[in-house]
Amino acid sequence: MKTFAAIDFETANECPTSVCSVGVVIVRDGEIVDKFYSLIHPEPEYYKWFCQQVHGLCEADTDDAPVFPYVWDEIAPRIEGLPLVAHNARFDEGCLKAVFRVYQMDYPDYRFYDTLAASRRHFGCSLPNHQLQTVAEACGYDLTNHHHALADAEACAAIALRIL
């Protein structure tokens, strides 16, 4: 796969609608041509301690951030016609569908590919696990800012270019 959009969401709490940041990396013909990152005002509007420990974001970071529909208005034209790639796509696709529902937006039926599933097929038991940072390293990519949505999307793009 040489043309796609890698995407990653971080959430504020246990609700898949609570996206609080998004990273998108656009790849065309095997080259990164665009990157996008935004904080998002989450819905519902609270942070769980566990989520904060994972990504380091809190209410103060997203109090003045735009709500999802405004952020998506910037992303949609960038990804139009592209398949989406995510590591553990079930999570990111679930978040995307849930937040579209909560804002009563028409979901365009994006096609998702999963680098986690691809890693399991490609590497099998040769890796200790198939977490994003482990797979990125196996693909020669140094993921230094794990759980920052753009850094994770960049790692996912590198993995996809290598094994999808």
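This is a predicted model: local features need pLDDT of at least 70, side-chain atom pairs count only at pLDDT 80 or more; totals for chains, interfaces and linings use all residues.
Local features need pLDDT of at least 70 and side-chain atom pairs count only at pLDDT 80 or more, while totals for chains, interfaces and linings use all residues. Residues are numbered from 1 along each chain as its sequence is written, and side-chain values use heavy atoms, with hydrogens and water left out.

A pocket is an open set of points with protein on both sides within 12 Å along at least five of seven lines. A cavity is a set of points where a 1.4 Å probe fits but cannot get out. Lining residues have an atom within 4 Å of a point. Points are joined across faces, edges and corners, and a volume is the space filled by probe spheres set on them.

The largest pocket has a volume of about 400 Å³. Its lining comprises 18 residues. Asp8, Glu10, Asn88, Phe91 and His147 lie nearest the pocket centre. At least two lining residues come from each of β1 (4–11), α1 (49–55), α4 (89–102) and α6 (132–138). Helices (H or I, at least four residues) and strands (E, at least two) are DSSP runs, numbered from the N terminus. Six lining residues are nonpolar, eight polar and four charged. Here Ala, Val, Leu, Ile, Met, Phe, Trp, Tyr, Cys and Pro count as nonpolar, Asp, Glu, Lys and Arg as charged, and the others, Gly among them, as polar.

One cavity of 30 Å³ or more was found. The largest cavity holds about 30 Å³ of space. His41, Pro42, Glu45, Tyr47, Glu59, Thr62 and Asp63 line this cavity. The lining divides into two nonpolar, two polar and three charged residues.

Seven aromatic pairs were counted. Rings of Phe, Tyr and Trp (its six-membered ring) pair if their centres lie within 6.5 Å; planes under 30 degrees apart count as stacked, over 60 as edge-to-face and the rest as tilted. Trp72 and Phe100 pair edge-to-face, at 5.7 Å centre to centre with 80° between the planes. Trp72 lies in helix α3 (residues 68–79) and Phe100 in helix α4, so the pair ties together parts that are 28 residues apart in sequence. Trp72 is buried (under 20% relative accessible area; exposed is over 50%, partly exposed in between; 1.4 Å probe, protein chains only), at 3%. Phe100 is also buried, at 3%.

Tyr107 and Tyr110 form another edge-to-face pair, at 5.6 Å centre to centre and 85° between the planes. Tyr107 is partly exposed, at 23%, whereas Tyr110 is buried, at 13%. Phe68, Trp72, Phe100, Tyr103, Tyr107 and Tyr110 form one aromatic cluster.
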